Amino acid sequence: MTVFADLVGQDEAVETLSRAAAAAARIVTGDTGAQGAMTHAWIFTGPPGSGRSVAARAFAAALQCERDGTGCGECHGCHTALGGTHADIRFVVPEGLSIGVNEMRALVLRAGSAPSGGRWQAVVIEDADRLTEAAGNALLKAIEEPPPRTVFLLCTPSTHPDDISVTIRSRCRVVPLRQPSAEAVAEVLVRRDGIVPDVAAWAAAAAQGHVGRAKRLANDADARTRREAVLTVPRRLTGVGACFDAASALIEAAEAEAAAAFAETDSAEKAALEQALGAGGTGRGATTAMRGAAGQIKELEKRQKSRLTRSQRDALDRALVDLAGFYRDVLVTTLRAPVEVVHSDTATQSSAAAAKWSPESTLRRLEAVLACRDAIEQNVKPKIAIEAMMLSLWRG
């Protein structure tokens, strides 16, 4: 099975990347005529769940494939690349709200060295839309003057200037990805994760084409409980007070989910840093060292807080996607559209709402949810954005 096996419903992208990986393998052997299909900078775009980071990681693995760049998935290069341990592949995964200039400068400096394995050096930047302006400028310089056999792989929602600078975009080849069908997602869950077909089909539909979310819904009872709580929101909005209560409950659930996800990690990181800085030691030297380490501990806590904020917003966004799916189901039912509902387990509720609301009212509610997502992405305080949305949902 090739390295692209988990890239769901993206046949055109797989063909493009396979052709480029084969050309890259020929370049390694000295074939300069293979330059056309291969380039030094790529942008992977597409909606959430389309597999941007999966595509980038799979392509990075194919570049390390020892069987003429076929991405066989079996050789040492493919195995270590997919396992995240290959020495010539570096991943930038933002833990907080942005990717800073210092991190990018250090990465660009390391990317200037020759690949240790003799093939290609790949730099995978997930969520490249979170690059600060200074970090983007540091990356741009490296892309404009790329080291030999170094490839930059950027993942962004789109090529809009709000997501990636026009200058960086102009120096990269774009690989557009589409949202995979529920059928394709379900097939992967059955084949790769061993999930029973009926559960896989339900999870794929409920996740609206997002592979990772579908897997979480199929395997995690807590994720299903959180989703069910979100889908009860429409019928709980009976007045202004209920709107504010529902907003508080949604935000508190997101905060609890994020805190639970990182509680152990944060404690382990802080303990490891304190130990490295001499915590637990005795004598004047140890005490002085710990006093001097206060700045480093404070910096770690700052990064952890930023990561927690990002996780909270991601949890809120998942809830808003589920809520948007409900209002979409109401609209589908009202208009008798020839498509399946997203949330089949709440079809009774969406049908009841369809009988009560006009199509225009339902559409306004759906737009309120989407506007809330945009507001939070633009750094509006989540509490304000969620409360405003709940009031709009109640008024219709």
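Gln208 is placed in the loop between helix H8 (197-206) and H9; helices (H or I, at least four residues) and strands (E, at least two) are DSSP runs, numbered from the N terminus. The structure is a predicted model, in which local features need pLDDT of at least 70 and side-chain atom pairs count only at pLDDT 80 or more, while totals for chains, interfaces and linings use all residues. Residues are numbered from 1 along each chain as its sequence is written, and side-chain values use heavy atoms, with hydrogens and water left out.

Although not a glycine, Gln208 has a positive phi of about 55°. With a relative accessible area of 24%, Gln208 is partly exposed; buried means under 20% relative accessible area, exposed over 50%, and partly exposed in between (1.4 Å probe, protein chains only). A positive phi, of about 60°, is also found at Asp68, which is not a glycine. Asp68 is located in the loop between H2 and H3 and counts as exposed at 60% relative accessibility.

The loop between helix H2 (52-63) and helix H3 (76-82) also holds Thr70, which counts as partly exposed at 45% relative accessibility. Met1 belongs to the segment before helix H1 (11-28) and, at 64% relative accessibility, counts as exposed. Leaving aside neighbours within four places in sequence, Met1 is in contact (heavy atoms within 4.5 Å) with Cys72, Gly73, Glu74 and Arg191. A C-alpha separation of 37 Å is computed between Met1 and Leu323, which are 322 residues apart along the chain.

Glu126 occupies the loop between strand E3 (121-125) and helix H5 (133-144). At 12% relative accessibility, Glu126 counts as buried. Not counting residues up to four places away in sequence, Glu126 touches Ser53, Arg57, Val92, Val93, Pro94, Ile99 and Cys155.

The axes of helix H9 (residues 211-219) and helix H10 (residues 221-231) come within 5 Å and cross at roughly 105°. Axes are lines fitted to C-alpha atoms, for helices over the stretch in contact, and angles run from 0 to 180 degrees between N-to-C directions. H9 and H10 are therefore roughly perpendicular to each other, given that angles under 35 degrees count as roughly parallel, over 145 as roughly antiparallel, 65 to 115 as roughly perpendicular and the rest as oblique. On the H9 side, Arg213, Arg216, Leu217, Ala218 and Asn219 meet Ala221, Ala223, Arg224 and Arg227 of H10. The residues of this contact comprise 4 nonpolar, 1 polar and 4 charged; Ala, Val, Leu, Ile, Met, Phe, Trp, Tyr, Cys and Pro count as nonpolar, Asp, Glu, Lys and Arg as charged, and the others, Gly among them, as polar.

The second largest pocket has a volume of about 420 Å³. On a 1 Å grid over the protein atoms alone, a pocket is an open set of points where a 1.4 Å probe fits, with protein on both sides within 12 Å along at least five of seven lines, and lining residues have an atom within 4 Å of a point. Grid points are joined across faces, edges and corners, and a volume is the space filled by probe spheres set on the points. Of the 14 residues that line the second largest pocket, Ser98, Gly100, Glu103, Glu299 and Arg303 are the closest to its centre. Two or more lining residues come from each of helix H4 (101-111) and helix H14 (294-335), and H14 gives the most, with 4 residues. The lining of the second largest pocket divides into 4 nonpolar, 5 polar and 5 charged residues.
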